[in-house]
Amino acid sequence: MKGLTRRDFLKSTAIIGAAAGVASVSGLVGCSDDQGDLPLASSIRWDRECDVLVVGGGATGVTCAAVVSEAGKS
């Protein structure tokens, strides 16, 4: 009986992650196209300045944001 190797583990987690991504995107198919009273992108001001931009709220993103905040940066 062959044991689970690191390579096999990484392959299976990559496949599961890809399947989860496809499932989450396909769940958006039924969303409404009604945009309501949203402003046009051309009318939004996009000139915000910051020291650090954290994209994502996972374990690394939250930790990074906390460290940046404690250091007094925006």
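**View 1. Overall burial and surface of the protein.** Of the protein's 74 residues, 3% count as buried, a term that here means under 20% relative accessible area, with exposed standing for over 50% and partly exposed for the range in between (1.4 Å probe, protein chains only). The model is a predicted one, in which local features need pLDDT of at least 70 and side-chain atom pairs count only at pLDDT 80 or more, while totals for chains, interfaces and linings use all residues. Residues are numbered from 1 along each chain as its sequence is written, and side-chain values rest on heavy atoms, with hydrogens and water left out. The accessible surface comes to about 6,900 Å², and 62% of this belongs to carbon and sulfur atoms, as given by the Shrake-Rupley method with a 1.4 Å probe.

**View 2. The segment before helix H1.** Leu4 lies in the segment that precedes helix H1 (6-26), and Leu4 counts as exposed because its relative accessibility is 66%.

View 3. The protein has two helices and zero strands, assigned as DSSP runs (helices H or I, at least four residues; strands E, at least two) and numbered from the N terminus. Helix H2 (residues 59-70) has 12 residues and reaches 17 Å from its first C-alpha to its last, close to the 16 Å expected at 1.5 Å a residue, where the expected span is 1.5 Å times one less than the number of residues. Gly72, which follows H2, has a positive phi near 85°.

**View 4. Cys50 and Cys64.** Cys50 counts as partly exposed because its relative accessibility is 40%, and Cys64 likewise counts as partly exposed, at 32%.
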